[in-house]
Each structure stands twice: as structure tokens, then as C-alpha cells.
Amino acid sequence: MSAVDPRLSINQATIKYADLATALQVTAEAGVQGIGLWREPVNEVGLDVAARMLADSGLRFTTHCRGGFFTLPAGPERVAALDDNRRAIEETATLAAAGAAGSTAVLVLVAGGLPEGSRDIAGARERVRDAIGELSADAAAAGVTLAIEPLHPMFGSDRCVVSTLGQALDIAAGFDPAVVGAAVDTFHVWWDPQVLEQIARAGREGRIATYQVCDWKTPLPVDVLLSRHYPGDGIVDFGSLTQAVVATGYDRDIEVEIFNADIWAQDPAEVVRRTAESFGAAVSPHLR
């Protein structure tokens, strides 16, 4: 196997069933230098223990997944969601401080879908903006960037009312770019006819907080959430998207984030190896 690209980071979702210790071990042993963590495995062991484990691994910390889900109207559930996001901000800051040099304190936000019984998607997007406004001071104080992640429109009803990079940037526009940015994920943006100009806009505005990659292949499974593939196994044009991101000056790590039941069922060490190989073939050539 050729050398692992030094900018590759493994998003922990790619090896979903590996606990934190295993995820850190197989990532480091494969020669990958970065990892993006998810809140559930971190909370299983506790934040302080997770931070020590990350520090001992020698890996860079690239993102924390995920905050968000705050499209609910005013009431106790919205208050609880905002409080949970404040805890996520604290976790992100602690883990970034524990990671190796070059770690980034980025909390990925998935906005949330339409509240039950609602058809008011414009109103839901405004509540996303309002929620980020309430959280921005906490993020700034912690040195954390809130990365709004647009999701493919098929998730608009149940997971994310923010469907394009342009919409994410419009929401972020009123905030300091160091505090509110955007996540560019190839799975979610490849289809957008404006994506290249919006990536350029994100670069001009200093808002690309993280670049995540995986592939799209049809037919989609019944659960479309689990339809992500290794880079190069589908139809995403990693050349144009990666070159556009690089042209903005983005020089951070790049995560591979895969939700796929067949991949999750495999040995996590083999998944990391295969991820590094596919990234090297499909993405790395466009980083030079």
C-alpha cells in the first residue's frame, strides 16, 4: 500500500461500531493522522477520559459530530436542544485542545427537519439562524467554529432544512467567520448546479470549516441515510469539487465520512485501510 495522505482524517461514523479506543487505535495504526469524533462514543467513556485517550493516540482532532437539531418552536424542547449544543461546544473545545498539533475545534451542525405537523420550511430555517445566534457567544468564548452542514434535499423533511451551501452561507453571513462557518460534504453538494461558485464564495468569506468526502452511487438503499460509499465507487466528481476547495486556500485535513451498513459490518481496521486507499486514488491527486 502506498503512503497514506497526511491530510486524510477518518470520521468516526465510517467505523460506526468501533468504540472510541478501537477507532483511535485502528486509525493511528493505519498511518492516518487525523480523526473526527462523534458525541455518543465520547460520552460513553466520559469527556475527560476521551480527551486523554485522544491525546495518547497522537492523532489530530478534526471535527466533532454533531450539534444542531434546533428547528423546534419556542418551548422546553428547544431550550433543551440549545443546552445540549452548549455541551457539544464544550466537548469540541476540550477534544481539540487534547488532539495533536493542527487540531481544529469544529462542531458540525445538522440543522434539523420540519417539526411534526409543520410545512413552514422558511420559518424552520429562520429558527436555525436564531439558534446559531444564541449559541455564537458560547462558541466564540470556547474558540469553537460552528460548521453549518447543508444536507441533500432528500433529508429536508426529517434531518436538515438547510439544503445548499448557499443557504448555509446565507445563515452564516451575519456572524464572525471564525465562529460560524460551513461544512462542505461531497455527498450532499455534488448535485448543486451552483456548488462551485458557492465554494468560491465560502472561500472568499473564510467560511469553509471542514471538507468531507464520500461517494454517491445508485440505486439508493431503502434507508437513504446509509447510501454513502468509498471515494471513487460512485459518480461524484472529486476533481472539480476538491480543486474548488483547494483554490480557496483551504489547507486543513479532509474527512472521509461514510454511512453504509455493509461497510459498518466489516473489520474497522480493514475499513480504514480501504478508506485510505480510496482517498489516495480519488482525492489526493487533486490536492497537489
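**Helix packing and nonpolar cores in a predicted model**

Biologist: Which residues does I132 touch, not counting residues up to four places away in sequence?

Modeller: In this predicted model, I132 is one of the residues that touch the most other members of the largest nonpolar core. Leaving out residues up to four places away in sequence, its contacts are F70, L109, L146, I148, I171, F175 and V180.

Biologist: How many residues does the second, separate core hold?

Modeller: The largest nonpolar core has 83 residues, and L95, I132, L146 and I199 touch the most other members. The second core is separate and includes W38, C65, V108 and W264. Its size is 6 residues.

Biologist: Is S136 buried or exposed?

Modeller: S136 lies in helix α5 and touches F175 and V179, not counting residues up to four places away in sequence. The relative accessible area of S136 is 16%. Because buried means under 20%, S136 is classed as buried.

Biologist: At what angle do helix α4 and helix α5 pack?

Modeller: Helix α4 spans residues 76–98 and helix α5 spans residues 121–142. α4 passes α5 in a right-handed crossing. The axes lie 10 Å apart, and the packing angle is about 35°.

Biologist: How do the residues of the contact of α4 with α5 divide into nonpolar, polar and charged?

Modeller: From α4, the contact is made by R78, L82, N85, R86, I89 and A93. From α5, the contributors are R127, D130, A131, E134, L135, D138, A139 and A142. Together they divide into 7 nonpolar, 1 polar and 6 charged.

Conventions. Residues numbered from 1 in each chain as written. Predicted model: local features only at pLDDT ≥ 70, side-chain atom pairs only at ≥ 80, totals over all residues. Heavy atoms only, no water. Axes fitted to C-alpha atoms, helices over the stretch in contact; angles between N-to-C directions. Helix = DSSP H or I, 4+ residues; strand = E, 2+ residues; numbered from the N terminus. Left-handed = near helix turned anticlockwise from the far one by under 90°. Contact = heavy atoms within 4.5 Å. Nonpolar A, V, L, I, M, F, W, Y, C, P; charged D, E, K, R; others polar. Buried < 20%, exposed > 50% of the residue type's maximum accessible area, 1.4 Å probe, protein only. Core = buried A, V, L, I, M, F, W, Y, C linked by side-chain atoms within 4.5 Å.
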